[in-house]
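Let's walk through this structure together, one region at a time. Have the sequence and the 3D view at hand as you read.

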Amino acid sequence: MATRLDSKLNQLQQELPEGLLVDAAWLEANGYSSALRSQYVSSGWLDSPARRVYRRSRGPMTWQQVVISLQTMLDLPLTVGGRTALEQQGYAHYLSANVQTVHLYGPTRPPTWLGDLPLEVTFAWHNSLRLFPTDADTPPLPSPTMYSAAGAQLPVRYSSKERAVLELLDELPKHESFHQVDALMEGLSDLSPRRLQTLLEACSSVKVKRLFLFFADRHGHAWRPKLDLAKIDLGSGKRLLVKGGRLDPQYDITVPADLGGQ
């Protein structure tokens, strides 16, 4: 019996990189019974940071480890997007210095135990199909910093910066600042017009598309003239986004009065 237990433990060390998390269902599917899990926890071979969640480490936990676990160990179709993706891809100086909320995008909700983990950040889930029903983006970019564990190099999946800025614009005006987005858009001189065209044609939010084009026109980046607006559905009618704001006549949206034209 001891030999069998040692064999299972060695197997777990191979299958579960140190620091990453799995749930009880994953362990059960891989042959680790409830009794065996309890024994591993009591012996210190596994840590249980939340109910029915396990990791092979007692060291500090990072949100990146949690996200990699969701994406690779549990194979969930979740991507780090919006504000968080932009912060992690070098644009934090336009937004904020510290990550307080990790924005996850995907067609299905992440597990509820995310909120029970002992982390200083919170996770916010956004239904990606609401903005992109056909999910037409190119594959999300991997993290430029790979997570090393047991000889494996595991990337975090981020939204491309083109998609992430559209996800961020969806949070205006309730959860994001026009002026922070304006500063961010001023710095986005290297976006891909091909990727933008695909995303704007696939995006279902008239508000997001009009806002993006408003900021694009305002900052006059070289990629802006390469977009074919005839293929992008901008809807009809006005969109009141800011009470007391000024109406932009080009895109029929209200924006803060102190955001002047081009």
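Is Arg-130 buried or exposed? Arg-130 counts as exposed, because its relative accessibility is 52%; here buried means under 20% relative accessible area, exposed over 50%, and partly exposed in between, with a 1.4 Å probe and protein chains only. Before going further, note that this is a predicted model, in which local features need pLDDT of at least 70 and side-chain atom pairs count only at pLDDT 80 or more, while totals for chains, interfaces and linings use all residues. Residues are numbered from 1 along each chain as its sequence is written, and side-chain values use heavy atoms, leaving out hydrogens and water.

Arg-130 has a partner: it forms a salt bridge with Asp-170, with the closest N and O atoms 2.1 Å apart. A salt bridge here is a side-chain nitrogen of Lys or Arg within 4 Å of a carboxyl oxygen of Asp or Glu. Arg-130 belongs to helix α6 (residues 128-131) and Asp-170 to the loop between α7 and α8, so the pair ties together parts that are 40 residues apart in sequence. Helices (H or I, at least four residues) and strands (E, at least two) are DSSP runs, numbered from the N terminus. Asp-170 itself counts as buried, because its relative accessibility is 14%.

The structure holds nine salt bridges. In another of them, Glu-176 meets Arg-83, the closest N and O atoms being 2.8 Å apart. Glu-176 sits in the loop between α7 (161-169) and α8 (178-187) and Arg-83 in helix α5 (residues 82-91), so this pair links parts 93 residues apart in sequence. Both Glu-176 and Arg-83 are buried. Arg-163 is buried, with a relative accessible area of 7%, and Glu-167 counts as buried at 1% relative accessibility. Salt bridges that share partners also join Arg-83, Glu-87 and Glu-176 into one network.

Now turn to the sheet. Three strands form an open sheet in the order β1-β3-β2, with antiparallel pairing; two strands pair if DSSP finds at least two bridges between them. The edge strands, each pairing on one side only, are β1 (21-23) and β2 (47-50). From one strand to the next, the twist averages 40°. Helix α4 (residues 63-73) packs on the sheet and touches β1 and β3, its direction making about 55° with that of β1. Such axes are lines fitted to C-alpha atoms, for helices over the stretch in contact, with angles from 0 to 180 degrees between N-to-C directions, and contact means heavy atoms within 4.5 Å. Nine of the 11 residues of α4 are buried, including Trp-63, Val-66 and Met-73. Just after α4, Asp-75 takes a positive phi of about 55°.

Which residues touch the most other members of the largest nonpolar core? They are Leu-117, Phe-212 and Phe-215, out of 77 residues. A nonpolar core is a set of buried Ala, Val, Leu, Ile, Met, Phe, Trp, Tyr and Cys residues joined through side-chain atoms within 4.5 Å. Helix α10 (residues 206-219) gives the most to this core, with seven residues. Leu-117 touches Leu-21 and Val-66, among others, not counting residues up to four places away in sequence.
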